[in-house]
Every structure is written in structure tokens, then in C-alpha cells.
Amino acid sequence: MYPFSAAMAAHSGSWIFEPSLAFAALPHGAQYAFAAVFGLVIGSFLTVVVHRVPIMLDRAWREDLQAYQDELRDSHDNDANNGDDAINDKNSNHVAHASEPGAGRAVALASRYNLAVPRSACPACGHTLRAHENIPVLSYVLQRGRCTACGARFGWRYPLLELATALCAMLSLSAFGPTLAALAAFGFCAAALAMSAIDLDTRLLPDSLTLPLLWAGLLLNLQPTFATLDQAVIGAVTGYLSLWLVHWVFRLVRGRDGMGYGDFKLLAAIGAWLGWVALPQVLLLASVSGAIAGLIATWTRRMRLQEPLPFGPFLSGAAAFTLFCGEPLYRWIGG
């Protein structure tokens with residue numbers, strides 16, 4: 001356990017850092033093996049989150065848009081039609097609407113699509129993956145990254161995300177030992193990984209992930225874990241406002257948006273977990289690494305000069321570094 005976590009453990013109540021006696025009694029090798037397997041399993045679930053959450057958001061947006069259009073259409077029908085003829089016309093309109101794509105709202109809502117159902121399937125042919133085809137990393141290697149039904153290639157992102165999640169689990173165990181703090185740190189890293197992958201794919205940081213992470217950080221630090229409660233509250237406010245100000249200054253100077261609101265909420269969540277003291281280092285590391293990545297992507301022509309760069313992965317990476325290593329930049333600057 002590195003000094004930052006040890007200090008917080010001494011300052012906090014024992015319930016949050018009380019280790020599971022059975023798990024702590026295992027040999028260190030067994031603990032790390034369990035952490036790796038646990039991380040792989042959670043990583044497999046994260047691949048589902050990364051794939052489905054944007055689709056769920058898109059479906060919800062389309063359903064809300066169609067409901068709004070239906071309300072406008074119904075309102076227009078009510079205003080335009082009068083008397084018996086208007087009633088007949090209105091009835092016929094409702095019958096006609098039922099055959100339109102958006103008016104089949106009940107049908108769309110009946111087809112369940114969430115993180116649990118339907119079962120995982122090949123995105124190319126729809127082949128439902130069987131249990132032995134869904135083993136983290138191993139199935140990808142044995143199947144050579146291809147669907148067993150149609151031969152379509154699966155992206156390398158799936159095993160990479162699973163391996164990254166396993167690494168986070170082992171780092172959490174190494175940094176905090178067999179404690180609930182380690183489990184909390186792993187949960188933070190898993191959420192950050194999922195949001196980073198979604199941001200890279202869609203340039204979105206969904207509220208359904210950023211806001212629960214923010215509230216979880218505040219609740220966790222009610223009993224000081226990674227920060228005291230006052231540091232966490234100030235961190236959440238400061239994290240949001242700092243990028244909000246950058247966004248509006250950039251907009252006033254350049255006349256366009258330079259950063260999305262999801263980045264504000266993610267930094268607020270990081271502040272809620274790590275406290276306001278960690279934010280300068282997080283912002284510095286994220287900004288420098290993001291600038292370097294942007295220059296490399298532009299130089300290699302993977303990205304145009306004016307194309308926006310997703311900032312979520314860099315914020316997440318900087319936050320994970322700070323979580324596991326503390327604030328070494330402060331020590332280096334202070335000599």
C-alpha cells in the first residue's frame with residue numbers, strides 16, 4: 001500500500017479498509033491470480049457496455065424524437081380539423097400512423113435491448129455466442145479473432161479491454177492490498193476504461209456513466225478513503241467549473257466549441273474520488289499527453305489538424321496514474 005493510501009487508511013474508519021480475512025489468508029500468488037481472472041470477467045462485461053451503451057442512447061433519442069413528432073402531429077390534427085369530418089379524418093390518421101416506423105413505438109419498446117439482453121452475438125451475422133466462444137481473451141485467441149459462423153473478424157479492442165481491466169485489478173490489489181479500497185479503486189478504473197473506449201468511438205461521455213461515478217465518489221469519501229469529504233466536494237465543483245471555464249473562453253475566442261460537457265462531468269467525478277488536491281496534476285498530465293497524442297495523430301495523418309481529440313481517455317489515464325502513484329509531480333516541483 002503506497003503512502004497516500006496508508007495515510008487515508010489511518011485517518012478513516014476501519015469498515016472501508018477491513019480486509020476479507022479469507023481472501024487475505026490466501027498466498028499472494030493466488031490473490032493476484034484471482035484478481036486477474038476477476039478483472040478479465042469484468043473486462044468482458046465492459047466490452048458489452050462499450051458496444052451497447054451508445055446504441056441504447058441512440059435508441060432512446062430516436063424514441064423521444066418520434067414521441068415529440070407524434071405529439072406535434074396530433075396537435076396539428078386537433079387544430080386543423082373540426083366537426084364530424086375532422087373526427088373521421090383524425091381516426092384515419094391514427095390508423096395510418098400505426099403503420100409508420102416511428103408510430104410503432106410500442107413495438108420498438110417491446111424489443112428489449114439493454115446490457116443484459118439479448119445475448120452477445122456477432123455484429124456481422126447475428127450468430128449468438130455460445131459459452132465457450134465468450135471466454136475472455138482465450139476465445140479470441142482460439143478463434144483467431146473471427147466469428148465461428150461467418151468468419152467476420154472481431155476487433156482487437158475486445159481482448160485489449162479485457163487485458164487492461166485485468167491489469168487494473170492487479171494494480172488495485174498491489175496498491176491497496178486485499179481491502180475494500182482496492183475493490184473501489186478497481187471499480188473506478190473499470191468505469192474509466194469503459195468511458196474512454198466509448199469516447200474514442202463516439203466522442204461521447206454518457207451521463208449514465210459519468211454521473212453515477214461522481215455520486216459514487218462522494219458517497220465513498222463520506223468515510224475518507226481516497227480523499228476527505230470536504231476535499232471530494234470541492235473537487236467535484238472545481239473539476240466541473242475548471243473545464244467549463246476553459247470551454248467558454250475557447251468559445252469566445254474561437255467562436256466554436258472546444259470541449260464537450262461530458263469532459264466537465266468526468267473531471268468532476270475524478271475530483272469527487274481523488275479530491276481537489278489531485279486535480280492540477282490530473283489536468284497537467286491529461287493536457288500534455290493529449291497534446292502529444294494529437295501531434296502524433298496529425299503528423300501521421302490519422303487526424304486532421306482541426307479535428308477534435310477525445311479528452312476522456314487522457315483524463316482517465318491521468319486519474320488512474322494519480323490514484324495509484326499519488327502526486328509525484330508536486331514532490332518533483334517542490335524539489
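I began with the largest nonpolar core, which has 55 residues. Those with the most contacts inside this core are F176, F226, I270, L315 and L323. I took a nonpolar core as a set of buried Ala, Val, Leu, Ile, Met, Phe, Trp, Tyr and Cys residues joined through side-chain atoms within 4.5 Å. I then listed the elements that give two or more residues to this core: α3, α7, α8 (180-202), α9 (207-220), α10 (229-254), α11 (261-274), α12 and α13 (312-325). With 13 residues, α8 gives the most.

A note on the source: this is a predicted model, where local features need pLDDT of at least 70 and side-chain atom pairs count only at pLDDT 80 or more, while totals for chains, interfaces and linings use all residues. Residues are numbered from 1 along each chain as its sequence is written, and side-chain values use heavy atoms, with hydrogens and water left out.

**Whole protein**

I counted 14 helices and zero strands. Helices (H or I, at least four residues) and strands (E, at least two) are DSSP runs, numbered from the N terminus. Of the 335 residues, 39% count as buried. Buried means under 20% relative accessible area, exposed over 50%, and partly exposed in between (1.4 Å probe, protein chains only). I also looked up the accessible surface: the protein exposes about 18,700 Å², and carbon and sulfur atoms supply 67% of it. These areas come from the Shrake-Rupley method with a 1.4 Å probe; for residues, only the protein chains shown count as cover. Next came contacts (heavy atoms within 4.5 Å). Among those with a separation of 6 or more, residues 24 or more positions apart account for 71%.

Leaving aside neighbours within four places in sequence, I270 is in contact with F188, G275, L279, V282, L315 and A319.

Q281 sits in helix α12 (residues 279-299). I noted Q281 as buried because its relative accessible area is 1%. With neighbours within four places again left out, Q281 contacts F321, T322, G326, E327, P328, L329 and Y330.

**Second largest pocket**

I read about 580 Å³ for the second largest pocket. Its lining has 28 residues, and T47, S120, L129, N134 and Y158 are the closest to the pocket centre. Two or more lining residues come from each of α3 (28-80), α6 (138-142) and α7 (157-176). The largest share, seven residues, is from α3. On a 1 Å grid over the protein atoms alone, a pocket is an open set of points where a 1.4 Å probe fits, with protein on both sides within 12 Å along at least five of seven lines; lining residues have an atom within 4 Å of a point. Grid points are joined across faces, edges and corners, and the volume is the space filled by probe spheres set on the points.

By class, I found 17 nonpolar, seven polar and four charged residues in the lining. Here Ala, Val, Leu, Ile, Met, Phe, Trp, Tyr, Cys and Pro count as nonpolar, Asp, Glu, Lys and Arg as charged, and the others, Gly among them, as polar.

Y158 lies in helix α7. I put Y158 down as partly exposed because its relative accessibility is 24%. The C-alpha atoms of Y158 and G145 are separated by 9.4 Å.

W248 is in helix α10, and is partly exposed at 30%. From W248 to M259 I read 9.1 Å, C-alpha to C-alpha.

I55 belongs to helix α3, and is partly exposed at 31%. I55 and N114 are 59 residues apart along the chain, with their C-alpha atoms separated by 9.1 Å.
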